[in-house]
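Subject: Structure handover and findings

Hello,

My notes on what was found in it follow.

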Amino acid sequence: MVLGSGDHAVGMRLNHLPDEPGGGGSVSGGGPDLAHSPGEKKAAADTLCDDIEPQTKAAGQWADDETAAVVKAFDAKDGHGWLTSTAVNKAHKIWSEQVQNLANRLAGDESALRYNNTALTGTDAGAGGMARKVSVFDMYSPPPEH
């Protein structure tokens, strides 16, 4: 698409990746390697299990406690409570669902990392075994040397 007026046309070219961080890298190898070793996958899964998941749950529990205190503080004491109490309670319910979804996603990612390690290792061993099966060409003797 070419936009513009007069002799100066403005065009858009999408034939390369940006060079700045976060936008990828050059296709010729300037970006990070996407291959991961089994050790790196295990370390990532362990970090999810040992650090990120428990800290997420702890932060969620802290927020639950603090929000419950706010709801209680603004709740009806003489039959006339603040609307804030009900609004905070509703918002907290939605937020709690989002925290639970995040915790489930983290657990799923951890599981996928652990399974991926096992599945790919088994696939590699299976492919190697299939590649070296006896071939029909193994029945023929090699040509004589000159």
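Helices (H or I, at least four residues) and strands (E, at least two) are DSSP runs, numbered from the N terminus. This is a predicted model, in which local features need pLDDT of at least 70 and side-chain atom pairs count only at pLDDT 80 or more, while totals for chains, interfaces and linings use all residues. Residues are numbered from 1 along each chain as its sequence is written, and side-chain values use heavy atoms, with hydrogens and water left out.

Overall picture

The protein has two helices and two strands. Along the sequence they come in the pattern β-β-α-α. Of its 146 residues, 12% count as buried; buried means under 20% relative accessible area, exposed means over 50%, and partly exposed is in between (1.4 Å probe, protein chains only). The protein exposes about 12,200 Å², and carbon and sulfur atoms supply 61% of that area. Accessible areas come from the Shrake-Rupley method with a 1.4 Å probe, and for residues only the protein chains shown count as cover.

A contact means heavy atoms within 4.5 Å. Among contacts with a separation of 6 or more, 57% are between residues 24 or more positions apart.

Salt bridges

A salt bridge is a side-chain nitrogen of Lys or Arg within 4 Å of a carboxyl oxygen of Asp or Glu. How many salt bridges does a search of the whole structure find? The search finds four.

One of them joins D109 and R105, with 3.4 Å from N to O. Both residues lie in helix α2, four residues apart, which is about one turn of the helix. D109 is partly exposed at 32% relative accessible area, whereas R105 counts as exposed at 56%.

Another salt bridge joins D46 and K42, whose closest N and O atoms are 2.7 Å apart. This pair lies in helix α1 (residues 38-74), and its members are also four residues apart, about one turn of the helix. K42 is partly exposed, with a relative accessibility of 46%.

D46 also forms a salt bridge with R114, and here the closest N and O atoms are 2.8 Å apart. Because R114 lies in helix α2 and D46 in helix α1, this pair ties together parts that are 68 residues apart in sequence. Both ends are partly exposed: D46 has a relative accessible area of 23%, and R114 has a relative accessibility of 31%. K42, D46, E110 and R114 are linked in a network of salt bridges.

S111 lies in helix α2 and is partly exposed, with a relative accessible area of 43%. How far apart are S111 and A45 in sequence and in space? They are 66 residues apart in sequence, and their C-alpha atoms are 7.5 Å apart in space.

H92 also belongs to helix α2, which covers residues 83-131. Is H92 buried or exposed? H92 is buried, because its relative accessible area is 16%. Leaving out residues up to four places away in sequence, H92 touches A63, D64 and T67.

Regards
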